[in-house]
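Hello,

Here is the structure for you to look at. My notes on its salt bridges follow below.

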Amino acid sequence: MALVIGHRTARALAAENSLEGIRAAKRCLADYVHVDVRLSRDGKLVLMHDDSVDRTTDGKGMVQDLNCIELKAIRAGNEPVPTLAEALSLAEELGVVVEMKEEGLEALVADVVPKEKSIITSSYHASLREIKEISDLKTGIIITSLPIKPVELALWADADAIFPEKVNPRLFKEAHQKGLEVYPGVVNTVAQAAWLLRLGADGLVTDDPCLIREALDQPVKATGQSNCEYYPCHHFEGQDCTHCFCPLYPCRDEELGRFVRTKRGKRFWSCIDCKLVHRPIVAKYLAEHPESTTEELKALAD
C-alpha cells in the first residue's frame, strides 16, 4: 500500500509546518508527516520553510537572526512556531519526513530524529550523504527538475529514496530496479494520484492528506482491454497493455515515434504510433528487463 505523506504537515488544512498541521494529518490517517527545519540563532531546530518568518507567521525577520524565545513569541497559525523536538513528540505513531533546508544541520538532526519511521530529505545531496556516514537514518534526495540520471544522484548520496517534483515512467522502473523508493510530490488531485500509483509510486506527498488518503485506499486498476476507453489504441489484435506508460519514453527512435508540435508550438516526442512495446512477447521481456534498449526489443520482435 502506498504511503500518504502530509506536505509541510498538512498545509491545505492548517498552517504549514505547524502543530495544528500534524493534528490534521493524524485525523486524515496520513502515514507520514513532512516538516521543514531550519536553525535558530541560538542553535535550535525549528519548523520553517522559508529563510524568513514573514510569509507564514505574524512576525518579521530571518530565522537565523531570531533565537528560540523570540520565535516562540510569534505564531504559525494559532500556535507558536514549533521546534523539531515538539513536532516529533506530537507526531507519535506518525512517521516523520524531515527536510533539512540548510547545510550543516546533519549532526543536530541525527541526534534527535528516531531511526524508526523517519526519513531525512534535502535538496543538499551532500548533506544526505553525511547523514548516512554518521547515522542509520533513512534518507531521500529531493529533485525539483528531471535530471538525465536521477537514480545515479540518489546512489551517489547513498540514499534510500527519491522525492521528485517531476517524473516519467523510466524513473520508477530504474529506481525500483536499484532498490530505491519513489515519493512524488506535491500531489493534490485524485486524478494525478491515480496516475502516479499506476506508474508505481511508493507514496505521495500532498498538501491534503484527507483527499489523497481516500484516493489511495481505492484499489489500483490495471489498464486493459476490459476497462480502457482507447483500446485498441494501436489497432492490432492481441496487444499487451502493460506499457501504456512506456519505461523507454522518450526513446527518440525515429522508427518508433516522432517529434510533433502542439497548437501552442511546444515540441515533444510522440510515440502514439509505436506498436513495439505492446506486442506480448516484447512487453513480457521489457517487464523482466527494464534496462533494455529499443534495438534489443526490435530484434526480439523480428
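A salt bridge here is a side-chain nitrogen of Lys or Arg within 4 Å of a carboxyl oxygen of Asp or Glu. This is a predicted model: local features need pLDDT of at least 70, side-chain atom pairs count only at pLDDT 80 or more, and totals for chains, interfaces and linings use all residues. Residues are numbered from 1 along each chain as its sequence is written, and side-chain values use heavy atoms, with hydrogens and water left out.

Salt bridges link Arg8, Arg11, Glu16, Asp36, Asp50 and Arg55 into a network. The whole structure holds 21 salt bridges.

Take Arg55 and Glu16. Their closest N and O atoms are 2.9 Å apart. Arg55 sits in the loop between β3 (45–47) and α2 (68–72), and Glu16 in the loop between β1 (3–6) and α1 (19–27), so the pair ties together parts 39 residues apart in sequence. Helices (H or I, at least four residues) and strands (E, at least two) are DSSP runs, numbered from the N terminus.

Glu16 is buried, at 9% relative accessible area. Arg55 is partly exposed, at 46%. Buried means under 20% relative accessible area, exposed over 50%, partly exposed in between (1.4 Å probe, protein chains only).

Next, Lys298 pairs with Asp253 in a salt bridge, at 2.8 Å between the closest N and O atoms. Lys298 is in helix α11 (residues 294–301); Asp253 is in the loop between α9 (209–216) and β12 (258–261), 45 residues apart. Both Lys298 and Asp253 are buried.

Lys132 and Asp160 also form a salt bridge (2.7 Å, N to O).

Best wishes
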